[in-house]
Amino acid sequence: MSEKNDGKSERGLLARTATYTSKKARRAQTKLKQRVGKGDETKDEVFDEFVFNFNKQQASATRLHSELKNYMRCITAMQVAHTNFGEAVKEVYESDWSCRPKMVDYFKEYDCNWTKLRHRVSEEVLEPLTSYLKPFPDVKTKISKRARKLVDYDHSRHAVDTLRAKGANKSSETKKLHQVQ
């Protein structure tokens, strides 16, 4: 019984692969004709403007995200440098120096401020920006799917126009025309 299922799943896989490959080839052919000027291309200028604005917004947000991550790394590096500097100053001044406790308190306070800054930037800016960037790939996928659908529509429209131009004299061509419509 499992051998029969393996044969069906294998045939199903081959059928899906063949369908996928033929769609890719047909779309490539249609796109090539459109680029050369031999085929009509459906244009939606309003949607194209929205896509342009979407891509611009994504690029800006991605750049802001990368710069913010770099800023966070710099804050961390500055905090480490400050801590190292504080340790060096503590070593230079002896424990019996009168202002040493005050200086140690300043370094602790500055270290606490660096930690608070890093935490606030991460919590109030980086996390919301990261969540803002999450839906972009899904929308990008939908935009590319719509573009593929338009190419398929253009191909089908061209096929209907070709059949109509031939006059659909034969009964098989008439059936094709009705199927396509």
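## Salt bridges

Residues E124 and R120 both belong to helix 3, where they stand four residues apart, about one turn of the helix; helices (H or I, at least four residues) and strands (E, at least two) are DSSP runs numbered from the N terminus. The two residues form a salt bridge whose closest N and O atoms are 3.2 Å apart. The term denotes a side-chain nitrogen of Lys or Arg within 4 Å of a carboxyl oxygen of Asp or Glu. E124 is partly exposed at a relative accessible area of 46%, while R120 is exposed at 51%. Here buried means under 20% relative accessible area, exposed over 50%, and partly exposed in between (1.4 Å probe, protein chains only).

E87 pairs with K90 in a salt bridge, with the closest N and O atoms 3.7 Å apart. Both residues lie in helix 2, three residues apart, about one turn of the helix. E87 is partly exposed, with 41% relative accessibility. An α-helix has 3.6 residues a turn, so residues three or four places apart point the same way.

## Basis of the model

The model is predicted: local features need pLDDT of at least 70 and side-chain atom pairs count only at pLDDT 80 or more, whereas totals for chains, interfaces and linings use all residues. Residues are numbered from 1 along each chain as its sequence is written, and side-chain values use heavy atoms, with hydrogens and water left out.

## Overall architecture

The protein chain contains five helices and zero strands, giving the order α-α-α-α-α from the N terminus on. Of its 181 residues, 18% count as buried. The accessible surface of the chain comes to about 14300 Å², and 56% of this belongs to carbon and sulfur atoms; areas come from the Shrake-Rupley method with a 1.4 Å probe, and for residues only the protein chains shown count as cover.

Contacts (heavy atoms within 4.5 Å) between residues at least 6 apart in sequence join residues at least 24 apart in 72% of cases. The structure holds zero disulfides, a disulfide being a pair of cysteine sulfur atoms within 2.5 Å. C74 is partly exposed at 42% relative accessibility, as is C112 at 37%.

H65, in helix 2, is buried with a relative accessible area of 16%. Not counting residues up to four places away in sequence, H65 touches L126, L129, T130 and L133.

W114 lies in helix 3 (residues 100-133) and is partly exposed at 22%. With residues up to four places away in sequence left out, W114 touches I75, M78, Q79 and H82. The C-alpha atoms of W114 and Q79 are separated by 6.0 Å, although the residues are 35 apart along the chain. T83, a residue of helix 2, has its C-alpha atom 8.8 Å from that of K108, 25 residues away along the chain. T83 is partly exposed, at 33% relative accessibility.

## Helix 4

Helix 4 (residues 136-166) has 31 residues, which should span 45 Å at 1.5 Å a residue, and its end C-alpha atoms are 45 Å apart, in agreement. The expected span is 1.5 Å times one less than the number of residues. The buried residues of helix 4 are F136, I143, V151, D152, D154, V160 and L163.
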